[in-house]
Amino acid sequence: MELQASISFIYFTFTAVFFLFSLSIYILRLNRVCDCDVCTAFLTRSWTSQFVNLSDWFTHLLSKSPTGTIHVHVLNNVITANPDNVEYMIKTNFENYPKGKAFSAILGDLLGRGIFNVDGKCWRFQRKMASLELGSLSIRSHALNVVVEEIENRLIPFFTNVIDKKEPVLDLQDVFRRFSFDTICKFSFGLDPGSLKPTLPVSELESAFDLSSKLLAERGVTPSPLIWKFKRLFTIGSEKKLKSSIRVVKKLADQVIKKRRELGTSSNNDLLSRFMGSISDDDYLRDIVISFLLAGRDTVASALTSFFLLLSQNPKVIEKIREESDRVMGPNRETLPGFGDLQQLHYLQAALHESMRLYPPVQFDSKFTKQDDVLPDGTFVRRGSRVTYHAYAMGRMERIWGPDSLKFKPERWMQNGEFKQESAYKYPVYQGGVRVCLGKEMSLVEMKSVALCLIRRFDVHVVNPTRALRFAPGLTATVSGGLPTVVRRRDLQE
Ligand code: HEM
């Protein structure tokens with residue numbers, strides 16, 4: 001026992017000394033290289049006196065930079081809003097900009113070897129499997145069936161129930177998160193968590209998932225990884241909470257796999273059943289399950305939340321969406337759109353794209369530089385440094401979208417009455433290039449169906465729609481405090 005105690009003591013002392021030594025070297029380095037205005041403002045948080053969100057401050061800095069690129073030295077991070085740089089990173093010189101070890105270290109505890117967190121062979125395998133599945137016609141109609149079922153059996157009854165109350169107010173963001181959680185679970189795993197039942201509190205999995213996402217995002221903005229690594233080593237502070245929330249997520253993901261196995265996998269359309277046909281390692285399957293939850297839940301909920309906020313600020317756009325849908329589907333408000341209808345709703349497609357331009361669900365995305373390189377705008381990037389393209393800032397740049405860049409204007413996506421796609425490097429909301437999002441089509445089907453169903457049947461008014469949005473830390477954009485909204489049945493005289 002005594003020997004064990006001495007070894008523990010020596011180990012602890014050594015680690016603590018090592019940590020303090022590394023920290024002091026790090027601080028000395030900072031002092032030497034980082035007295036620039038940006039780093040000082042970042043470290044002292046003085047930017048908060050003028051900007052609500054870090055992304056707003058970065059947008060301001062990027063719009064002032066002649067190249068559309070800045071360097072935050074203390075984070076060893078080059079941040080760009082320059083479409084030429086984006087194309088170079090995610091397509092032309094893709095091999096030099098992998099996710100890298102530093103990214104894997106930040107998210108690895110939750111995502112493990114899931115598709116979001118890997119490069120090389122492991123990524124290629126999952127990408128190939130997932131793209132075969134997500135691209136197939138049968139899975140597309142399966143996706144629409146899942147969405148329609150959830151709208152008819154859960155979303156409409158949920159809203160109808162709220163309308164009948166004295167004060168018909170709900171948190172729209174929370175409703176969308178529950179909706180997209182049910183949808184992605186049914187679609188990806190063939191299992192129904194039923195979280196949009198009006199009586200149910202947020203499930204254990206959802207809250208553990210939210211907390212993990214928040215704490216992992218905080219890891220990404222600590223000036224040195226040593227800080228969170230030290231806390232993790234001794235399981236203290238935020239790392240203690242992170243560890244227990246990740247344990248919950250993993251336990252529940254394991255249950256998903258177990259349940260799927262019990263119910264059988266051979267005759268199923270869901271992604272997990274297909275992956276189970278080729279993978280027998282349960283830890284690997286669990287990582288895949290977690291990545292798909294992350295991919296499909298928060299992104300769609302985030303996009304729908306900001307869409308309804310912008311609609312509340314722009315009632316004319318609601319009228320145009322209603323006019324278009326009446327023309328394509330007829331005036332019967334009860335009808336839900338089929339595939340054919342969705343393809344003809346060009347204005348709705350434009351409005352959703354415009355909304356994600358201003359509020360992209362994934363506000364920025366980082367890669368790590370493998371070898372020293374020079375970006376197309378002349379910025380030198382050192383091997384091992386982080387390079388981030390900032391979709392949120394790009395959506396607001398006058399030099400990309402013109403002088404009315406801050407205006408919500410779906411018309412900018414229309415040409416001769418049809419939706420016109422923009423370059424993914426100017427609009428990297430779904431990333432683009434080699435690792436473009438695999439769920440893009442599915443997410444658009446889901447968002448268009450939900451938006452149309454609500455817009456045609458209800459009047460949805462966000463309370464205080466012009467307040468400045470504050471985003472909570474997390475891997476996807478989430479509005480702090482939710483989105484309180486009043487819902488009424490649409491006036492039948494309209
Ligand atoms: C509005 C909704 C969505 C947006 C804005 C979005 C955006 C993105 C972005 C920016 C990435 C790149 C992330 C990175 O590499 O770090 C990505 C990747 C991915 N997305 Fe989505 N996504 C959405 C919905 C979905 C849905 C519903 C699914 C699944 C059914 C999905 C599946 C994936 C997958 C599998 C990847 C990884 C691709 C790869 O690394 O090769 N996404 N998405």
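## Two asparagines in loops

Asparagine 416 sits in the loop between β8 (414-415) and β9 (418-419); strands here are DSSP runs of E, at least two residues long, and helices are runs of H or I, at least four, numbered from the N terminus. This is a predicted model, where local features need pLDDT of at least 70, side-chain atom pairs count only at pLDDT 80 or more, and totals for chains, interfaces and linings use all residues. Residues are numbered from 1 along each chain as its sequence is written.

Phi of asparagine 416 is near 50 degrees, a positive value in a residue other than glycine. Asparagine 416 is exposed, with 5 other C-beta atoms within 10 Å (exposed means 12 or fewer such atoms, buried means 20 or more, and partly exposed is in between, with C-beta atoms placed from the backbone). Asparagine 464 lies in the loop between β10 (458-462) and β11 (471-472). Its phi is near 55 degrees, also positive, and asparagine 464 is exposed, with 8 other C-beta atoms within 10 Å.

## Around the ligand

There are 21 residues around the ligand, and Ala295, Thr299, Cys437, Gly439 and Ser443 come nearest (a residue is near if its C-beta atom, placed from the backbone, lies within 6 Å). Two or more residues each come from α6 (120-135), α13 (282-296), α14 (298-313) and α20 (440-457). The largest share, three residues, belongs to α14.

## A look at α13

Helix α13 is mostly covered, with 12 of its 15 residues buried. Among them are Phe292, Leu293 and Ala295, and Ala295 is also one of the residues that come nearest the ligand.
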